[in-house]
Amino acid sequence: HRARPRVRGRRRPLLPAGALPGHARLRGRVRDIQGLTAGLEAMARTLSASLAPLDEMLQAAEACTGQRPAQFFHTCRRELLTLGGNPFSRLWDKALRETPLRLDEGDRAVLKQVGGVLGRYDSDSQTVALGQAVQRLSQQQREAEERQGRLGRVYGTLGVTSGLLFAIVLL
């Protein structure tokens with residue numbers, strides 16, 4: 001009978017960390033969409049309440065989100081302060097490319113579209129565009145959660161099966 005490998009006095013898990021990257025990516029996508037939706041809602045509230053400039057809208061979005069979405073809004077705000085003659089939509093697109101958000105192309109298309117309106121049109125048009133983006137992202141979030149549930153079960157089954165095969169090989 002062989003001794004099982006140990007890590008710091010504990011048994012090693014059957015699956016190494018990160019063995020199910022697909023499931024983690026789905027969870028990450030849902031979290032990022034939730035954060036971006038909350039940020040866009042904060043921008044719309046800030047704009048509606050006080051006709052705030054884009055800088056304050058982005059600051060409100062950053063304050064109510066976490067991690068990657070906050071990083072996105074922070075990057076947009078930082079770039080806005082150094083605009084340098086570029087249209088805001090170009091800065092928004094750059095931040096969207098550079099921030100490691102776990103989004104699919106449909107999610108990015110929604111964000112790109114709203115970025116083309118922000119700071120360019122009147123406050124009513126911006127509020128409408130933000131509201132539409134929130135609705136579309138919320139729908140995509142629901143679809144991502146459904147997919148996460150379906151594929152999560154598949155990934156879970158695959159993980160348990162590969163873990164059992166790994167355990168058998170070790171025996």
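Visitor: Where is Q140 found?
Guide: The model is predicted: local features need pLDDT of at least 70, side-chain atom pairs count only at pLDDT 80 or more, and totals for chains, interfaces and linings use all residues. Numbering runs from 1 along each chain as its sequence is written, and side-chain values use heavy atoms, without hydrogens and water. Helices are DSSP runs of H or I, at least four residues, numbered from the N terminus. Q140 is found in residues 123-170, helix α6.

Visitor: Is Q140 buried or exposed?
Guide: Buried means under 20% relative accessible area, exposed over 50% (1.4 Å probe, protein chains only). Q140 has 16%, so Q140 is buried.

Visitor: Which side chain joins that of Q140 in a polar contact?
Guide: A polar contact is a pair of N or O atoms within 3.5 Å; within protein, one must be able to donate a hydrogen and the other to accept it, and residues adjacent in sequence count only if both atoms are side-chain atoms. At 2.2 Å, the partner of Q140 is D107.

Visitor: Which residues does T37 contact beyond four places in sequence?
Guide: T37 sits in helix α1 (residues 21-50). Its relative accessible area is 5%, so T37 is buried. Contact means heavy atoms within 4.5 Å. With neighbours within four places left aside, the partners are V134, L137, S138 and Q141.

Technical notes. Helix = DSSP H or I, 4+ residues; strand = E, 2+ residues; numbered from the N terminus.
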